Amino acid sequence: MSRGYFITFEGLDGSGKTTQLRRLAASLQSEGHKVVTLRQPGGTALGDRIRSILLDSRSEATLGAIAPLSEMALMFADRAQSIHEIILPALDSGAIVLCDRYTDSSEAYQGAGRELGSERILAMHRAVCDNLQPDLTILLLPSLEASLRRARRRNQRHVQQKGTDENRFEREDDAFYQRIYRAYEVIASREPQRVVALREDASIVQIETHIREIVSLRIPAPVI
Ligand code: TYD
């Protein structure tokens, strides 16, 4: 079996990456590609448990403050499980894997946001993920202000409508997000082959078209 193709989506909360991932998945599927999608943290039974610990701002009431290194280790425990259960089997079967966040998120959020430093994250990635790198990373980097506005509005809606609260990260201050934004820029310039940064504040459809073009250049149409 040929190895598949591994694409990750990255960006700040509210950057629109989840919407774009879904649209790309639909478009690739309609062309006859086998597509597997997942998000991190989450996606496996273990990962969903880890996700609720990490993202729910009420966790701290029962668990106490989560130390930055524990947060990092939990993100990687989740990642190791999804590599083992989902990503590698899918790639081995020849699928295109679309993953909503991956190690760049840990480098940006824990490395820069929590100030643990990139080296520690990259060492963890080598140790825990066997250094499995995406073939392509779509990094959505609209302006910081636009992302934050969207993320905070969305979280308000979630709390009101579903009673879920995933805002342990979203209540961080602007300086935290500025560090993350800057880290993403550094990653994009460090690895220009892998990471394509889309900075435009364009419409959803325009960005979708742009992503489709980028992906078409890298993945040939399936032989049906
Ligand atoms: P998610 O629901 O994926 O948010 P969004 O749809 O905005 O991407 O929430 C994931 C949150 O977890 C997000 O705030 C970023 C954070 N995160 C990290 O801090 N480190 C990581 O390694 C990952 C995968 C996510």
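The model is predicted, so local features need pLDDT of at least 70, side-chain atom pairs count only at pLDDT 80 or more, and totals for chains, interfaces and linings use all residues. Residues are numbered from 1 along each chain as its sequence is written, and side-chain values use heavy atoms, with hydrogens and water left out.

**Exercise 1: cysteines**

*Solution.* 
- Start with the idea: a disulfide is a covalent bond between the sulfur atoms of two cysteines.

**Exercise 2: buried or exposed?**

Sort Cys99, Cys129 and Leu46 by their relative accessibility.

*Solution.* 
- Recall the classes: buried means under 20% relative accessible area, exposed means over 50%, and partly exposed is in between (1.4 Å probe, protein chains only).
- Cys99 has 0% relative accessibility, so this residue is buried.
- Cys129, at 2%, is buried.
- Leu46 has a relative accessible area of 41%, so Leu46 is partly exposed.
- To place Leu46, look in helix 2 (residues 45-55); helices here are DSSP runs of H or I with at least four residues, numbered from the N terminus.

**Exercise 3: aromatic rings**

Describe how the rings of Tyr109, Phe176 and Tyr177 form a cluster.

*Solution.* 
- Begin with the two quantities to look at: a pair of aromatic rings is described by the distance of the centres and the angle of the planes.
- Rings of Phe, Tyr and Trp (its six-membered ring) pair if their centres lie within 6.5 Å; planes under 30 degrees apart are stacked, over 60 edge-to-face, and the rest tilted.
- The whole structure has 3 aromatic pairs. In one of them, Tyr109 and Phe176 have ring centres 6.3 Å apart and planes at 70°, so they are edge-to-face.
- That pair joins distant parts of the chain, with Tyr109 in helix 5 (residues 103-113) and Phe176 in helix 8 (residues 174-190), 67 residues apart.
- Phe176 and Tyr177 have centres 5.3 Å apart and planes at 90°, so this pair is edge-to-face.
- Finally, Phe176 is buried at 2%, and Tyr177 is buried at 1%.

How values were computed: Helices (H or I, at least four residues) and strands (E, at least two) are DSSP runs, numbered from the N terminus.
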